[in-house]
Structures are given as structure tokens and as C-alpha cells.
Amino acid sequence: MADSVLIFDTTLRDGEQAPGFSLTAEEKLRMARQLEALGVDVIEAGFPVASASDFAGVAAVAHHCRQTRVAALARALEGDVRRAAAALEGAARPRLHVFVATSDIHLEHKLRKTRDQALREAAQAVALARTFTDDVEFSAEDATRSDRRYLAAVLEAAIAAGATTVNIPDTVGYTVPEEYGALIGWLRRSVRGAENVVFSAHCHDDLGMAVANSLAAGARQVECTVNGIGERAGNAALEEVATALHVRRDALPYTTGLTLEQLHPASQLLSELTGVEVQPNKAIVGANAFAHEAGIHQDGMLKSPLTYEILTPGTVGRSGHELVLGKHSGRHALRQRLQRLGYALEGEQAERAYAAFLATAERRKAVVDSDLHRIARQAATRPEASPAPPTLEAAAS
Ligand code: KIV
Ligand code: ZN
């Protein structure tokens, strides 16, 4: 039996705080509706102490969602926890998410706190959070660059104070899959009370390994964002985590409650709301993720999509795979597209069309339907016979 993994979506918090991605409370609410349709387990809606609009966004999402848990972030400070709790008032399933940094780098240079101080404050903040809700998550910021034994001690204190989920963030995208999986495995075995809490993976993509690290974590909750948006290089992309678990369920035996057909609509809505387009070659949701241009690939795809597709576009809510016509395309793909446009060219006409197509493709990045109509009409018309040379008599008269 496959174990289930909770999907904790932080698009509206870690994603939204990245430059250029800010959303109004109303926009957060629209996105939250789509995340509900997608079936995520937790929506982290914001960091209420950060601004009035963050508070309003969390409050709007908290009032709306009746099934999906709604989380609000707070530093391990009394004022933060109270503000986050106030924003979650009225939520059907509120989660308070408390964090403190545990690496010496952060403690010394950012917080200027001792290890003991940070541990005490973490426990106090978690205990306070528990007075508002019995669903409290604790995060050890920069966990992957923290001293293991100290990290374990802080987690132990947080669990003893009432945390029900403990998150092990790779805040700066520094870890590698094997190391991250081993760290979480060691913590699960070593931390007192670990068997009573959910371990969570939260990975950033600075070295391009956020998704791989999340999948290697062996955690029962994965924190991720739509389109992988987030601080610096972003967070683990939700759509990649979800489809990897689906396509490679033989190797990754974890189920989620997601409706995969809602992945592409979620990606599109986020781009519409933020005004930021997804890069064309982005896995799963990029414009080219299901497009084929090379002639050999197109020929294979026309014979059987199994040749070059490990997943159908429909699975993630896209309309269909696309054969892009460009200078790498072959006769087979051109003939098929011309047939779709209503032209059945054979023999010499087909050859003329292919030559004209290649000439156009050399000049342009992609050949579009209006080009194809012109090419097909010209190829279907027999070339004018050259006029006969004038006879001697005609020339003399
Ligand atoms: O990356 C990080 O450490 C975070 C925490 C606040 C969970 O986003
Ligand atoms: Zn983060």
C-alpha cells in the first residue's frame, strides 16, 4: 500500500513574497479557490505580521476555505503568533506555522541570539500557538546548514510544546537528495516524540534540486508552489512533485489527494494574476512541455505518442500535444498539418510544398497556419508552362 503525502501549498506565502509576484487579498482568494479545486491539503496564505494586505489576504482565504486547512506564518515571537492567530479567526481548519532559524550562521549574523535562547523562544511560541489551535507547525529555518544535534534538540522542544508538524527547510537550496533524505531519516529516528508528528520537506531551488530533494526526503508533507515561484530561484514546483509521484509511482510509492487535471489551470491562473509568464521549457506547464519540432520526434509521435511522451497532456489539464512546425520538421508532420487545414497534397505538389515550407522555416522561428495556407495554395497550382520561343516566320512578320 502506498503512503500518502500531504501537499502544503505555499504559493501565496513563500511564492508571493518573491519580487514581482505580489497579490492583493482578492487575487489570493481567486488563487485559493483554484488550489482547492486542485486538492491541496494546506494553503499557506501569508505572513500576517508583515503587512496589512498580508493580514487581509490570510483572513480572506481563511473565511472562504471550509475543507482545506489554511496556514499563517509567524516568527517565534509573541506579537507574530497573536497576529497570525487573529488573521486565522473564522477559519474552519486553521494552522499556525511558527519558525525560528537554527543554523549558527543565522543565529549569529541575523538573529544575534544564542542557541539556548532560540530553543526557548521556539518552545514558548509553539506553546502560545497551541492556545489558538491544535494544528501547529514548527519550522527550523536553514535546517540543512544547522548542527544536527542542536536541530534535533530544537525539534524535540517544539514537539514537547505541542507542534504537530515539524518542517525541515532547505532554506538556501544547499542540500542534495541523498543527504536530505538521510538527515530526515536520522531526525525521525533520533528525535523524542518524532513518531507522533508529521515531518515536512521544504526545498528551495538555488542549485536546481528542489524537486529532487523533496522527493528524496521521505517526508509525509511536501511544501511547494505553483510554477515553482518563490524566493530567489524559487521553491519546489508543485506540478513537478505531483506528476513525478504519478508517473513514477513504481519508484516513488506515495499518493496525494490532488486532481492532476487542475495543474495546468492553476499554472495559468497564477500567470494571469501575477503577470509573469512561465518559461517555455518549464516541465509540465511550460508552452513547450508537450511540443515537438524535430522531424524524427514528430514522426515518432504521429506513429505513437508513447515514443516521446511519458505523460499525456490531458492528464495535467492541457488540450493536447502540439507538433510545432519549424526547420527541424519533416514531411510527415507537414502533410498531417496540411490535411488538418484541408489540403491533401500528393506527389510533386507535396514536394513543392515541402520545399516552400523549408524556405519559410529558414527565415522564421516557426511556420504558422497563415504561412501554410499560402504554401499549400501555391504548391497546388501547376507552375506556368514557359512560353514557346517565337518562330522565324512570326519574328519576320
Ligand atoms: O525557506 C524557509 O526556511 C521558509 C520557512 C519560513 C519555512 O520559508
Ligand atoms: Zn522557504
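The legends below describe a predicted model.

**View 1. The two domains of the protein chain.** The domain assignment divides the protein chain into domain 1, covering residues 6–274, and domain 2, covering residues 291–380. Taken over C-alpha atoms, the centres of domain 1 and domain 2 are separated by 44 Å. Eight residues from domain 1 and seven residues from domain 2 take part in the contact.

**View 2. The interface of domain 1 and domain 2.** About 570 Å² of area is buried between domain 1 and domain 2, and carbon and sulfur atoms give 68% of this area. On the side of domain 1, the residues that lose the most area to domain 2 are Val-247, Glu-261 and His-264, which together account for 64% of what that side buries. The elements of domain 1 that give two or more residues to the side touching domain 2 are helix H10 (238–247) and helix H11 (263–274). By class, that side of domain 1 has four nonpolar, three polar and one charged residues.

**View 3. The site of the zinc ion (ligand 2).** Asp-14 (OD), His-202 (NE2) and His-204 (NE2) coordinate the zinc ion at 2.0 to 2.1 Å, and the spacing of these donor residues in sequence is D-x187-H-x1-H. Because Asp-14 lies in helix H1 (residues 11–15) and His-204 in the loop between strand S8 (198–203) and helix H9 (210–216), the pair ties together parts that are 190 residues apart in sequence.

Terms used. Residues are numbered from 1 along each chain as its sequence is written. Chains are lettered from A and ligands numbered from 1 in the order in which they are written. This is a predicted model: local features need pLDDT of at least 70, side-chain atom pairs count only at pLDDT 80 or more; totals for chains, interfaces and linings use all residues. Side-chain values use heavy atoms; hydrogens and water are left out. Domain bounds come from an automatic or database domain assignment. Contact means heavy atoms within 4.5 Å. Buried area is the accessible area (1.4 Å probe) that two parts lose on being put together, summed over both. Helices (H or I, at least four residues) and strands (E, at least two) are DSSP runs, numbered from the N terminus. Ala, Val, Leu, Ile, Met, Phe, Trp, Tyr, Cys and Pro count as nonpolar, Asp, Glu, Lys and Arg as charged, and the others, Gly among them, as polar. Donors are N, O and S atoms within 2.8 Å of the metal (3.2 Å for Na, K and Ca); water is not among the atoms, so sites may look incomplete.
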